2 protein chains.
Amino acid sequence: MKVTVIGLGLIGGSFALALRAKGIATDIVGVESSPLHAAKALELGIVDRILPLAEAVEGAELIAIAVPVDVIPQLAVKILNRVTADQIVIDMGSTKGELCEIISQHPARSRFVATHPMWGTEFSGPEAATADSFAGRNVVICQKELSDAEAVATVEQIYRKLGMGILEMDAEQHDLHAAYVSHISHITSFILSTTVLEKEREEEAIFNLAGGGFDSTARLAKSSADTWIPIFKQNKYNVLDVLREYIHQLNLFRKALERDDYKELEQIISRANQIKRVLQK
Amino acid sequence: MKVTVIGLGLIGGSFALALRAKGIATDIVGVESSPLHAAKALELGIVDRILPLAEAVEGAELIAIAVPVDVIPQLAVKILNRVTADQIVIDMGSTKGELCEIISQHPARSRFVATHPMWGTEFSGPEAATADSFAGRNVVICQKELSDAEAVATVEQIYRKLGMGILEMDAEQHDLHAAYVSHISHITSFILSTTVLEKEREEEAIFNLAGGGFDSTARLAKSSADTWIPIFKQNKYNVLDVLREYIHQLNLFRKALERDDYKELEQIISRANQIKRVLQK
C-alpha cells in the first residue's frame, strides 16, 4: 500500500513505523513542516521521502493526518479537495467535534475516516516514534456512517493488523469521554509537576524519592504544549466541566483533612478504589 | 540472620521475600494481626512461622515493623521495651516525625533505625508482595546519629544487598519531601478516580479508552485507605500545604482556559515540562 503520513511526530512517526513493520506499507511518503523533524524522520527510516503536500497526496492510497488538532480541520479540507474516489484519508487526532463539523458538507466527505488511536506517550518528535506502538489498545472511529463502507473496512483492517480493537462513537460522545479519560489526566499531571517544582526547592529530593508514586502521576507532565493546548482549546467545554468537578472533589478532600474527618476521607478513598473494577491491570 | 517481620502486607511481605531471595535471612518469623493475612503469608512461604509479638521479638537479630504508620510509634516502644543490646529494630513507614518523637527518649533508642524504603505499589496484602521489590530505588534513613553506628551499618548493608541506594535525612525533612513527592500524588490519583467515576456514567468507556493517559495517573487510586489515611493524618500539615498549592495552581489553569488565555496555558505547561530535568526516564 502506498501511504502518505502528514506530521512525523510521535503519532505519525509511530504509525509509519508500525505500517512498515507489519508489511502494510511498501512506500511511505512524509509531509512535515519542520525541516529538523523531516531530516530526522528520513534518517530514522520512518519515511522513504519527504514531499510537499500536493505531491504527497497524489497517488497515495492512504493519507494519514497526524498533526496537532488545531491544524487538522483545515488540512483535512485541503486534502479532500484533491482526493479521488479510490483514495482514503484518515486523521489520528485527540478531538473529533470540530473536525467532523468542518468536513461535514464536503463533497468528498465519504473518503474520510475520522479515527483516534488511544495510544500515546509523554514524548514527542520523530525520535519518540516506535514500531510496536498502538498494539493492545483501542482505536475510536467516529461517524462511520458518513464514510464509504469500503474505506472504513480498509482502515479497520489496518488498525486490526496493528493489534488494535475497534470502537465506534459519535464525535460528541468521543470528545466527552476523551475529556474524562485522557485530557483531565494531562492537566492533573501538568499541575502536579508545577506544584511540586514550585514547593520543592530541592530538585534532587524529587529525583531521589521518585519511587513514592510521583513518577507515574507526573509522567504526562512532560507532554508537549504544541499537542495539548489545541486539544484543551477544541474540547474546552468538556475539559472545563471535568476540571471544575475535579477541583470541587479536591476541596472536599482538603476540608475533610482540615477538620480531621477521617471517616469522610475513608469514604472518598473507598469510592476511588472502585476504579479497580475498570482498570484491572 | 534471624529476622522477625511485623505486618505481612505489601511492604513487610516483600521485604521478607527479598531477604530470603538474597540469602540474607535464614529464618523468618512473622507477626500479623489478621488471621487471613497470616495464613496467606504462610501459604506463600513469605514467613516460616507466625508467632505472638513477644515471642517473635525474642531472639530475632533484626525486627522490621511494616504496619500502618498510626500503629508504628506505640509498637516501636513496645518492642524497644524488650530488646537487648544485640538486637536491631527498624520501621519501614512513610512518615517519620511522629515516630521519631515518640521513641526519642527511650533508653533503647540507639537500637532503632528509622527507615523508609521508597518503593510501593497500589496493591496491598501478602498476595501483592514480590521478591524483587525495592531494587533500584532509594531508602531514606532518618536520624542516623541517634542509632548505634553498628546497627546503622548492618541495616545499610541489608538495604544495599536488596539493590537500594541510601539517603540520609532528618525526620522533618523526610516528611516534607514525602508530602511533595509521594503523598500528594496519591491524593491527586484518588480524586481523579472519584471525579471520573462521578462524571463518566459509562464505565466501559473508561476501560476502553484507558490508553489515553488515565491508567497511569489513576493507578495509585487503587491504594488502600488503611495505609494512606494514617499517613495523611500524621503528615497533615505538610500534606495540606501542598494540597492547597495544588488547588491554587489548578484554579490558575482553569481560569486561563475559561478566558481563552492560551499564552498563559503555554507558560504553565512549559513550567510543568521542566520536570523532565528531574524525572529522566
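Helices (H or I, at least four residues) and strands (E, at least two) are DSSP runs, numbered from the N terminus. This is a predicted model, in which local features need pLDDT of at least 70 and side-chain atom pairs count only at pLDDT 80 or more, while totals for chains, interfaces and linings use all residues. Residues are numbered from 1 along each chain as its sequence is written, and chains are lettered from A and ligands numbered from 1 in the order in which they are written.

**Both chains**

Two copies of a chain are related by a rotation about an axis and a shift along it.

**The interface**

Next, select the residues of each chain that touch the other. Two residues are in contact if their C-beta atoms, placed from the backbone, lie within 7 Å. By that criterion 82 residues of chain A are in contact with 82 residues of chain B. On the chain A side, two or more residues each come from helix H7 (171-199), helix H8 (203-208), helix H9 (214-218), helix H10 (225-234), H11, H12 and H13. H7(A) gives the largest share, 21 residues. By class, the chain A side has 43 nonpolar, 22 polar and 17 charged residues. In this count Ala, Val, Leu, Ile, Met, Phe, Trp, Tyr, Cys and Pro are nonpolar, Asp, Glu, Lys and Arg are charged, and the others, Gly among them, are polar. The copies meet through the same surface, because 100% of the interface residues of chain A are also interface residues in chain B.

**Helix H12 of chain A**

Select residues 262-273 of chain A, which form H12(A). This helix has twelve residues and reaches 16 Å from its first C-alpha to its last, close to the 16 Å expected at 1.5 Å a residue; the expected span is 1.5 Å times one less than the number of residues. Which residues of H12(A) are buried? They are Leu265(A), Ile268(A), Ile269(A) and Ala272(A). Seen down the axis of H12(A), the buried residues fall within an arc of 95 degrees, so they line one face of the helix. The arc is that of the directions from the helix axis to the C-beta atoms. A residue is buried if 20 or more other C-beta atoms, placed from the backbone, lie within 10 Å of its own, exposed if 12 or fewer, and partly exposed in between.

The buried residues of H12(A) pack against helix H11 (236-258) and helix H13 (275-278) of chain A, together with helix H7 (171-199) and helix H10 (225-234) of chain B.

**Two domains of chain A**

Colour residues 2-169 of chain A as domain 1 and residues 174-278 as domain 2; the bounds come from an automatic or database domain assignment. The centres of the two domains, taken over C-alpha atoms, are separated by 30 Å. 15 residues of domain 1 are in contact with 16 residues of domain 2 in chain A. Helix H5 (97-103) and strand S7 (138-142) of chain A each supply at least two residues of the domain 1 side.

**Gly9 of chain A**

Move to Gly9(A), in the loop between strand S1 (2-6) and helix H1 (10-21) of chain A. Gly9(A) counts as buried because it has 24 C-beta neighbours inside 10 Å. Leaving aside neighbours within four places in sequence, its contacts are His37(A), Ala66(A), Ser124(A), Gly125(A) and Pro126(A).

**Helix H1 of chain B**

In chain B, select helix H1 (residues 10-21). Ten of its twelve residues are buried, among them Phe15(B) and Leu17(B). The buried residues pack against strand S1 (2-6), strand S2 (27-31), helix H2 (35-43) and strand S4 (62-65) of chain B.

**Two loop residues of chain B**

Most residues other than glycine have a negative phi. Phe134(B) is not a glycine, yet has a positive phi of about 75 degrees. Phe134(B) sits in the loop between strand S6 (112-117) and strand S7 (138-142) of chain B, and counts as buried, with 23 C-beta neighbours inside 10 Å.

Finish at Asp260(B), in the loop between helix H11 (236-258) and helix H12 (262-273) of chain B. Asp260(B) also is not a glycine and has a positive phi, of about 55 degrees. Is Asp260(B) buried or exposed? With 11 C-beta neighbours inside 10 Å, Asp260(B) counts as exposed.
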